[in-house]
Amino acid sequence: MAPMLEQTEAVTAGPVPDPMLPVPYRIQRVKQETGDTFTLEILPEDPSQGFTFAPGQFNMLYVFGVGEVPISISSDPGNVPLLKHTTRVVGTVTKAMRQLKRGEVMGIRGPFGSHWPVEEATGRDVVIVAGGIGLAPLRPALYRLMAERSKFRRIVLLYGTRTPEDMLYRHELERWRGKFDLEIQVTVDRAASTWRGNVGVVTTMIGRAPFDPSNTLAMLCGPEIMMRFTVMELLKRGVAAECVYLSAERNMKCGIGFCGHCQYGPTFVCKDGPVFALPSIAAILGKSEI
Amino acid sequence: MIQTTLEPILREHPFFQGMEEQHIRLIAGCSKNVRFAAGEVIFREGDPADHFYLIREGLVSVQFVIPHDGLTTVQTVGGGEVLGWSWLFPPYRWHFDARAQQATHALAFDGKCLRAKCDEDHDLGYDIYKRFMQVVTERLEATRLQLLDMYGTHA
């Protein structure tokens, strides 16, 4: 038991008194983001409950009597204890979660896992490539980057979605774009002729995005196939493999490396990930057996 | 100073990067500067494909009509990219519509003129076809990813 707790503490930003014990949080707001995604805004029942997290980490969200699911934290790490989790309705638990109303209580365990290397990006260009709901785990990194804007060179966000209607955090993206110190390029897979933006897969934007590949740190999150092709384009452009980080997704259950559900080659996504440096998983990325 | 030749612009465009000087001079003779206003149709499906375009600034939508869905954009082409390869292969007809999404500056190339020069000078032809093959390969790869609908619920 002791070594496991030590490892958990090493990769989390905040204290985890008992990682298996859910803490009650009350829902402040349920916001429909797109047709099938929504955001839960929650606060701890006990106001003295401390909570800190690093961008990229996730929580286990427990809908009482239904089940528990891992969901990345998508809120501002500088604005705790309010937590936001954006997810898609895909299964029994997320379906039940979508039915929850303001004022209802749910259980939270976390934060778990590794985080985006925001500090390592100091003095460099930062390229963030997000696909679909993959923008949610990257949003805390964007908040952190924007809060300490002067520490970084260019910040480029390349975001791909299926259609314009599937775009997450549209108003926030518009607000950030208006600040002129963040390059945001959005593309969709298909659109009606009324759409005035880019159409095409997000990987095609990397070749012409404004960043210096010799001094860039890249963070990727999205469908695995998107990340594989994004990695290829980044390497082709000249970004070093060790400067590319991606967030993997597997079937996390316990959150602390006990159960083995999320084993990914020699690693556990819940404990060693979800954020990995590319060299640590390059050999298994995209392998159908893993 | 008035610029009398398009050669410097061709040299700077990513599509022709690294091309030999004599080839730049040859193709410059087939090119001209063009501008399209936002919303202007550049070409329509089925029309003769006698040009291709190097986009310098702006954004162009490649579109076609899907029954019941109407006009649908399947790709956009922006600054530094190339628009159109139907001029390379018979029957030299466009397979899509192209419309300027924004005010767009481009270089237009006369396909017939360039095909004739490629026939005369096979080194030039090989260079041009290699460059277009690269674009076609990239677009095919991107199209496959689009077809996967990778952001769908199974993602």
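The model is predicted, with local features requiring pLDDT of at least 70 and side-chain atom pairs counted only at pLDDT 80 or more, while totals for chains, interfaces and linings use all residues. Residues are numbered from 1 along each chain as its sequence is written, and chains are lettered from A and ligands numbered from 1 in the order in which they are written.

An open sheet of six strands in chain A has the order S4-S3-S6-S1-S2-S5, with antiparallel pairing. Strands (E, at least two residues) and helices (H or I, at least four) are DSSP runs numbered from the N terminus, and two strands pair if DSSP finds at least two bridges between them. Strand S4 (67–72) and strand S5 (83–88) of chain A are the edge strands, each pairing on one side only. Strand S2 (residues 37–44) of chain A pairs with S5(A) in the antiparallel sense over six bridges, and Glu41(A) stands opposite Lys84(A) in S5(A). Helix H2 (residues 92–99) of chain A lies across S2, strand S3 (58–63), S4 and S5 of chain A, at about 85° to S4(A). Axes are lines fitted to C-alpha atoms, for helices over the stretch in contact, and angles run from 0 to 180 degrees between N-to-C directions; contact requires C-beta atoms, placed from the backbone, within 7 Å.

A parallel arrangement is found elsewhere in chain A, around S8(A). Strand S7 (residues 125–131) of chain A pairs in the parallel sense with S8(A) over six bridges, with Val129(A) opposite Leu158(A). Six bridges also join S8(A) to strand S9 (residues 183–188) of chain A, again in parallel, and Thr161(A) stands opposite Val188(A). The chain crosses from S8(A) to S9(A) through helix H4 (residues 170–177) of chain A in a right-handed β-α-β crossover, that is, clockwise from the first strand over the helix to the second with the strands pointing away from the viewer. Strand S8 (residues 155–161) of chain A is largely enclosed by the rest of the structure, because seven of its seven residues are buried (20 or more other C-beta atoms within 10 Å of a residue's own, C-beta atoms being placed from the backbone).

The contact between the chains takes 26 residues from chain A and 21 residues from chain B. On the chain B side, the largest share, seven residues, comes from S5(B). Strand S10 (residues 191–192) of chain A pairs with S5(B) in the antiparallel sense over two bridges, and Ala192(A) stands opposite Thr72(B).

Technical notes
Contact = placed C-beta atoms within 7 Å. Buried ≥ 20, exposed ≤ 12 C-beta atoms within 10 Å, placed from the backbone.
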